[in-house]
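Thanks for coming, everyone. I'd like to walk you through one structure today, so let me put it up on the screen.

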Amino acid sequence: MDTLLEDALGELFRHLTAEASPELEITADQRRQIANKIDASGFTDLLLPQAAGGSGISLREAMALLKMEGYYNLPVPFAQTVVARAWAHAHNVALPKGTCSYAGTALQMDTQTRSITLHKAWHGQWIDHMLIATKQQCFLAHRHDRQILHAYHGGLFAAVAWPQQTLTPLELDEHATHDLLHLSVLAMLAVTVGAMEKAFALTVDYASQRQQFGRPVSRFQAVQHQISEMAEHVCAADMALQMAADAEGSALTTPDFQQLAIAQFQIAHIADNIADIAHAIHGAIGISQEYPLHRYTRRIRECKSCFGSAQYWAAEIGRRILHKNSDSLFAVLTSTRDEHRTG
Amino acid sequence: MLTNFELARLPEQDEHLRGAIRAFIQENTQHMTAFERARSWMGFDANFSKKLAQQGWLGLTLPQQYGGADKGYFTRFVVSEELLGAGAPVSAHWIADRQSGPLILRYGSQAQREFYLPKICRAQAFFCIGMSEPDSGSDLASIRTRAIKNDDGWILNGSKIWTTNAQHSHYMIALVRSSGTAQDKHKGLSQFIIDLSLPGITIRPIHDLAGDAHFSEVFFTDVQLAPEALVGQEGAGWEQVNAELAFERSGPERLYSSMALVECFIRECRQQGWDSPFIQSTVGEITARLAVLRAMSLAVTAKLANRQHPALEATLVKDYGTSLEQDIPKLIDQCLGQDPARMPSTELINTLSFVSQICPSYSLRGGTREILRGIIARGLGLR
């Protein structure tokens, strides 16, 4: 793909995250400024067709860009905003400017207080807009009507609520709601894999620099083998992401369910292994607030199953295999994508 | 990342091959039980290999002038995975086709190519690989089998052990010391093609823990080798062996070793109506991990097809693949025992017991897990 786009976005994110003081919790103002600068750069529309002001790249090509949110520990939900904007364009939903995130799980409608509560909403405490999907209906919620119930440590998630009358119901068909869920899962996976790649890079660097017993700890076989294992997991996570994003056709084509489920399983399945090895190699410094490792391992651990755990997605995959009455698993594994779709 | 796996697709013309191969395998393996299929590339059937050769599916990557098909790595991937996925008995020709043929093509003399390669393509020359010795396993450079130059070529003395299929093979490609001592490590090692019918060679099959005898110990006592038994350069054996192991690690061999067990289990789940959430998630886990690994293996194949040298990636996929292959019997065992009232068939019990017992070998053959992780660490710049 066009590495110019990758270089430009990487440069922007590097610059934006360097400005925010890494030692302290980032302020709401700093977040706002970062979000505004990204908005002004036009990158949030990158998945739109060229005619609509986007870059015209495919979903698969976009993965390298969406991963950067995790890799640079960007304090705004860039990836979710990108896919939400592309989805809104495809389904004629009027999505106002600003950051956007999605919630379809851990939500509760309270008929007495006539409100909707989200227990773990992605950047919930300060997001501009949130797309909320219940089983029956999809809503658009806005910042000014939001009640913040609890902001979790680390700032990635919050418990929030909206009075029901403030929600804008969206007229959508069932496909549109599924598409939104699938794109949101994919965006979250991309961010998680980006954080995994950064945690890996930090770990390799640290092991090569940290000296104990008179030599870098990377010279110890026990350390080498753990990092080799970590490399395998990170490569597998990235491959799974590429598979899920490999949708045929235009940028707005949504991921194939089977491939997405495989990716979500694979990434959730090995996420904690990756974070555990990163911490084991870093030792005590990795537990400190000052050293940045925790920002990436927090993303890895907290994002891995926010749309369902490894076990949940494995059962989704397995049920389909078991209920297919004749195909061998080998036939399923080797079928081409077109056969998947019709089958 | 220092390593890089890029999603690749099989070219359409290679995908097209699948139907014919699958039908051929189905016809020629229909008598086989899951217990037999679970031998994977340890299952020996010379007749099956000859039939495959008649179809033109041996020596696929070798040039046509030697009887090969001049096809690329993708074609080989499709044919290999169809064979392995079905648990077809490929072991007679497997090593010749995968390692020895490409090695002779790359390092052999013109005369060696003309002599051996057509025989490999016709399934008339089966090969084994002599690497390990009683005191040299992972520390391969410490081997003591020695070839000493004489007027008629080379005199060979020593022994090899754990040599897969030595008792069924026509030739062995052995790594032996041709100069210096064990202290010289990688220096002074050479590769020889040894005709196993020569006087002075004794082959003693070794039974494994499952009751099979797929590997052997081979003794050489004053075996006279012709000068042209040397393959490649004298003293360059170590580099050649490493190139050869890269062939070994780059294929889909490291995905499907437990496949016969998986298929048998899924068939039985459907027949017996085993459908608990635990079984669903286990089947899903196996499916997902296999799918991702297959994509990684295909990415390695694409790099080979692009004339890159994905030695690090191939090592990584092999290590990751054997971990899954070894997890599969444990995962399936958990499912069967999850409800003690379940009555698995004798075929499933037999197959599970075989794979559970033999699977430690998956991360030993062709380089142990510890050796592979050391190679990955070196590739990452850690050592």
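Let's begin at Ala151(A), whose bridge partner in β7(A) is Ala158(A). Keep in mind that this is a predicted model. That pair sits in the pairing of β6(A) with β7(A), residues 157-163 of chain A, where the two strands run antiparallel and are joined by four bridges.

How many strands form the open sheet here, and in what order? There are four, and in chain A they run β2-β3-β7-β6, with antiparallel pairing. At the edges you find β2, residues 107-110, and β6, residues 147-151, both of chain A. Each has a single partner strand, so one side of each is left without a neighbour in the sheet. From one strand to the next, the twist averages 15°.

Chain A has another open sheet, also worth a look. Its four strands come in the order β1-β4-β5-β8, and the pairing is mixed. Here the edge strands are β1, at 100-103, and β8, at 168-170, of chain A; each has a single partner strand, so one side of each lacks a neighbour in the sheet. On average, and ignoring direction, neighbouring strands of this sheet are turned by 25° against each other.

Follow β5(A), residues 138-142, across to β8(A): three bridges join these strands, and they run antiparallel. If you want a pair to click on, Phe139(A) stands opposite Pro169(A) in β8(A).

Which helices pack on this sheet? One of them is α4 of chain A, residues 78-90, which touches β1 and β4 (129-133) of chain A, with its direction making about 85° with that of β1(A). Then there is α5(A), which packs on the sheet by touching β1, β4 and β5 of chain A; its direction makes about 120° with that of β4(A).

Stay with α5(A) for a moment, please. This helix spans residues 174-209 of chain A, and its axis comes within 10 Å of the axis of α6, residues 221-244 of chain A, the two crossing at roughly 160°. With a crossing angle over 145° counting as roughly antiparallel, α5(A) and α6(A) are therefore roughly antiparallel to each other. The crossing of α5(A) past α6(A) is left-handed.

What makes the contact? On α5(A), the residues include Leu186(A), Leu189(A), Val193(A), Met196(A) and Phe200(A), and on α6(A) they include Ile227(A), Met230(A), Val234(A) and Leu241(A). By class, this contact has 16 nonpolar, one polar and two charged residues.

Over to chain B, where β2(B), residues 146-150, pairs with β3(B), residues 153-164, over five bridges in the antiparallel sense. A hairpin through two residues joins β2(B) to β3(B). Within that pairing, Lys149(B) has Trp154(B) of β3(B) as its bridge partner.

So how do the chains meet? In all, 42 residues of chain B are in contact with 41 residues of chain A. On the chain B side, the elements giving two or more residues are α1 (12-29), α4 (73-86), α8 (259-272), α9 (277-305), α10 (311-338) and α12 (369-379). The largest share, 17 residues, comes from α9(B). By class, this side has 22 nonpolar, eight polar and twelve charged residues.

Finally, a word on confidence. The model scores ipTM 0.95 and pTM 0.96. For chain B, the mean pLDDT is 95, and 99% of its residues reach 70 or more.

Methods. Residues are numbered from 1 along each chain as its sequence is written. Chains are lettered from A and ligands numbered from 1 in the order in which they are written. This is a predicted model: local features need pLDDT of at least 70, side-chain atom pairs count only at pLDDT 80 or more; totals for chains, interfaces and linings use all residues. Two residues are in contact if their C-beta atoms, placed from the backbone, lie within 7 Å. Ala, Val, Leu, Ile, Met, Phe, Trp, Tyr, Cys and Pro count as nonpolar, Asp, Glu, Lys and Arg as charged, and the others, Gly among them, as polar. Two strands pair if DSSP finds at least two bridges between them. Axes are lines fitted to C-alpha atoms, for helices over the stretch in contact, and angles run from 0 to 180 degrees between N-to-C directions. Angles under 35 degrees count as roughly parallel, over 145 as roughly antiparallel, 65 to 115 as roughly perpendicular and the rest as oblique. A crossing is left-handed if the near helix is turned anticlockwise from the far one by less than a right angle, and right-handed if clockwise. pLDDT is the predictor's confidence in each residue, from 0 to 100.
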